[in-house]
Amino acid sequence: MHRFLLTPRWWGINVFVALGVPFCLFMGTWQLGRFEDRVDTHKEATSARPSEQVAAPLDSLLPVDKRTSGLLASVSGEYADQLLVPERRLDGKSGFYVLTLLRTDTGKAVPVVRGWLPGGADAGRAPAPPAGRVEVTGALQASENSTSKGVHSAGGLPAGQLGVIGAASLVNIVPYGLYDAWLTVQTATDGMTPVPAQAPVNTGLDLKAFQNLGYTGEWFVFAAFVLFMWFRLYRREVETLRDTEAGLLTETPEAAETAETPETAEPTPAGAGSA
């Protein structure tokens with residue numbers, strides 16, 4: 001009854017199933033792992049930092065990555081140029097950041113967001129930075145780019161304003177080297193509101209994360225579909241053989257596939273007639 005499974009046609013079907021099902025399961029498991037990784041990084045990025053966390057030296061936390069983003073960093077130096085970062089929202093209100101460059105002992109400067117003020121960017125409302133040498137502690141943040149949320153990347157800002165916080169945006173504004181990172185002070189000073197640290201890029205449960213979850217389901221469905229089609233073909237083959245043995249069919253599917261086409265009758269020679 002089951003000798004048909006050894007025919008060349010069924011060898012091809014069986015090999016396809018034997019390779020296709022493990023491949024679908026592997027791809028589904030891989031996509032599920034990608035989703036779980038995003039969930040883990042999201043939890044880590046959004047988890048509250050302990051209030052008793054000890055600040056680490058800035059240089060020890062660079063370059064900024066998913067592990068160090070949001071950690072407290074300490075650095076000393078003297079404040080230099082001050083810029084305003086307009087059109088930044090905080091608690092549902094529009095305002096601007098007060099950003100001051102801190103020149104460190106290394107000769108490079110790190111942008112420090114000292115706080116946020118509501119309303120339009122106004123240099124007259126921005127408090128002057130402390131004079132002399134200072135020790136600054138703030139949450140470490142990765143440099144922004146034109147695709148970062150909330151940035152003003154269109155250009156055309158007045159002098160003294162900055163649309164994107166990052167070394168690439170500051171390199172043509174200040175005459176000294178820059179760290180590829182910035183700090184946001186977490187304690188209120190001079191009537192300004194502290195700017196909360198932002199989660200690292202690609203750590204949120206965004207559309208891409210749920211696409212991974214959707215692909216997981218698709219690959220497992222593909223595996224089940226391959227098994228279903230194999231079983232359906234197998235059952236149809238068995239039913240056909242049983243019908244043939246019962247005399248309901250005159251030939252098996254294998255015989256029908258290999259049957260030779262009857263030769264057509266040769267045409268009668270021209271001029272031939274009855275005697």
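Select Asp 190 to begin: this residue lies in the loop between strand 6 (182-185) and helix 3 (207-245), where helices (H or I, at least four residues) and strands (E, at least two) are DSSP runs numbered from the N terminus. Its phi is near 55°, a positive value in a residue other than glycine. Asp 190 is exposed, with a relative accessible area of 53%; exposed means over 50%, buried under 20%, and partly exposed in between (1.4 Å probe, protein chains only).

The model is a predicted one, in which local features need pLDDT of at least 70 and side-chain atom pairs count only at pLDDT 80 or more, while totals for chains, interfaces and linings use all residues. Residues are numbered from 1 along each chain as its sequence is written, and side-chain values use heavy atoms, with hydrogens and water left out.

**The whole chain**

The protein has four helices and six strands, in the order α-β-β-β-β-β-α-β-α-α along the sequence. Of its 275 residues, 34% count as buried. Among contacts (heavy atoms within 4.5 Å) between residues at least 6 apart in sequence, 66% join residues at least 24 apart.

Select strand 4 (109-118). Nine of its 10 residues are buried, so strand 4 is largely enclosed by the rest of the structure. Two strands are taken as paired if DSSP finds at least two bridges between them. Within this pair, Phe 96 stands opposite Leu 117 of strand 4. The two strands form a hairpin with four residues between them, and Gly 107 in the turn has a positive phi of about 95°.

**The nonpolar cores**

A nonpolar core is a set of buried Ala, Val, Leu, Ile, Met, Phe, Trp, Tyr and Cys residues joined through side-chain atoms within 4.5 Å. Select Tyr 97, Leu 99, Leu 101, Val 113, Ile 165 and Leu 178, which touch the most other members of the largest core, a set of 18 residues. A second, separate core of 17 residues includes Leu 58, Leu 61, Val 110 and Val 134.

Centre the view on Leu 99. Not counting residues up to four places away in sequence, Leu 99 touches Asp 81, Gln 82, Leu 83, Val 85, Pro 111, Val 112, Val 113, Leu 162 and Ile 165.

**Local backbone features**

Go to Pro 63, in the loop between strand 1 (56-57) and strand 2. The peptide bond from Leu 62 to Pro 63 is cis, with omega near -5°. Then select Glu 87 in strand 2; this non-glycine residue has a positive phi, near 60°. Glu 87 is partly exposed, with a relative accessible area of 48%.

Select Trp 30 in helix 1 (residues 8-46). Trp 30 is partly exposed, with a relative accessible area of 40%. Trp 30 and Tyr 215 are 185 residues apart in sequence and 9.7 Å apart in space, C-alpha to C-alpha.

Finish at Thr 240 in helix 3. Thr 240 counts as buried, at 17% relative accessibility, and its side chain reaches the backbone oxygen of Arg 236 at 2.8 Å.

Technical notes
A polar contact is a pair of N or O atoms within 3.5 Å; within protein, one must be able to donate a hydrogen and the other to accept it, and residues adjacent in sequence count only if both atoms are side-chain atoms.
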